[in-house]
Amino acid sequence: MTFHFRTLAVAAAFLVAGCTVGPDYRGAPEVASNALRTGGTFAHAGEGVEPHAPGVARWWTALNDPQLTALIDDAIAHSPDIRAAQAKVRQSRASLRSHQADLLPKATVDLATLRTRSPDLGALTGNGGGGGRGPIDLYIAGFDASWEIDLFGGTRRAVEAAGADADAASEDLADAHVQLAAEVAQTYVALRDQQARLALVRDSAKLEGEMLDLTRQRRAGGVASELDVERIFTQVEQTQSRVLPLEADVIESLDQLALLTGRAPGALDDELKTPRALPSVPEKVAIGDPSALLQARPDIRAAERRLASQNAQIGVQTANWFPKLSIMGELGYSALDPGHLVRKDNFSWMTLPRLQWNVLDFGRVQAGVDGAKAGRDQAQAKYESAVLTALRDADVALARYGHQRENVYRLRSVEGSASRAATLTRQRYRAGTASTLDWLDAERTRFSAEQDRIAGDAQLLKSFVTLQKALGLGWQTESTGSTGSTGSTGSTESKTG
């Protein structure tokens, strides 16, 4: 037993003196420091935005459309993409637990019985024999344990890498929330836009039909020509030809929303077939500052966590340069009679400290270290790209949102003017002081202006959605299902964004 305790003492001394090889992670590198300085502003922040940090992560509630809110909540609860991301989180956390278990001893309990018969040695040597010995029954009960001591931190680095990978998977889930919420909102806006334009086309076709009837009556009375009738008939047919493509677009949007909410095509037709007005964007939109993107956007946080994981992998590979110390031990009983199995005389034990050192590998370890360093450099480049892309996305989204707000004001002014002109021209036509061409031109202008205004309102909403997506808003925590507007790199259990 003295040797046994001495071995354990030596192993403990090695463990205490052990180190962790490989570079320690010092955080992500600085990227675009001028743009991300504290108190900085976006380059193209225009009208309708304010520099305060966004206070509502569920940004879609600011549109005051209960149906849109219900659709996004339903999508987050039932989307297959979200379930796949959730499964990836569970998988990565299971991998982390597996790596953590590698730091601890492994033990097994063995219960076995052996039945054997020895050969007749005399018969084997040609000297005759007595028929051999046996059969013999041997009963064994044992406890085996092994422990690979992490002298140089290779296993600890593996745990560090697995933890960072688990964090990255959680950030990927958060990013899936952001992407899904934005896609549902974009598709919903497209649906309401298509339904509004379809209603406009049908109203215009009805008005033009009335115009055609009136012109035929005037033709019968001799105050309008056959050419006037043909011109209006052509206009009616052109307007009617717009109906079928818009109806197909409506069906496509309905099926896309069903897919996003994890349902079969047609499942939302009854719920969404009734046209509704487009939601209105809020008067002011909080955007924060560029530095907030580093905390708000899950894709940036995921890239940072993958950089940390790749950095730890260098230590995992570097540890292969050094010796590995493992200790194996066994306690057991063996007997020919099961009733005598646990007697003192049948007890046995064994300890086996083992030191392994791969001193000749022809460059395999160095190749592993070089590959890990290249992986770290690749992850760092991807992180820098993620930050720069986020800044670009936010700046472009802000520019488009600001310009579209101004454009909508102009489109509404044009629509009002075209509508008044069409009304006056129609009155003049009925009074006989305006020609058929005058009326047709006025109606075409009114129809085009109203179409442009509807499309402009829809585009403003889509620009608003794109801005929220670019700011990285709309993701939920796993533990509570709540949402927030800021987060921090590290464990995602308590984050909000």
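Buried residues have under 20% relative accessible area, exposed ones over 50%, and partly exposed ones fall in between (1.4 Å probe, protein chains only). At 29% relative accessibility, Asp73 is therefore partly exposed. The model is predicted: local features need pLDDT of at least 70 and side-chain atom pairs count only at pLDDT 80 or more, whereas totals for chains, interfaces and linings use all residues. Residues are numbered from 1 along each chain as its sequence is written, and side-chain values use heavy atoms, without hydrogens and water.

**Confidence**
- The chain has a mean pLDDT of 82, with 84% of its residues at 70 or more; pLDDT is the predictor's confidence in each residue, from 0 to 100.

**Salt bridges**
- The whole structure holds 26 salt bridges, each defined as a side-chain nitrogen of Lys or Arg within 4 Å of a carboxyl oxygen of Asp or Glu.
- Asp73 pairs with Arg58, their closest N and O atoms being 3.0 Å apart.
- Arg58 is partly exposed because its relative accessible area is 24%.
- Asp172 and Arg306 form a salt bridge at 2.3 Å, N to O.
- This pair links distant parts of the chain, 134 residues apart: Asp172 lies in helix H5 (residues 154-220) and Arg306 in helix H10 (residues 298-318). Helices (H or I, at least four residues) are DSSP runs, numbered from the N terminus.
- Asp172 has a relative accessible area of 31%, and Arg306 has 37% relative accessibility, so both count as partly exposed.
- Asp457 and Arg453 meet in a salt bridge at 3.1 Å, N to O, and both are buried.

Technical notes: Helices (H or I, at least four residues) and strands (E, at least two) are DSSP runs, numbered from the N terminus.
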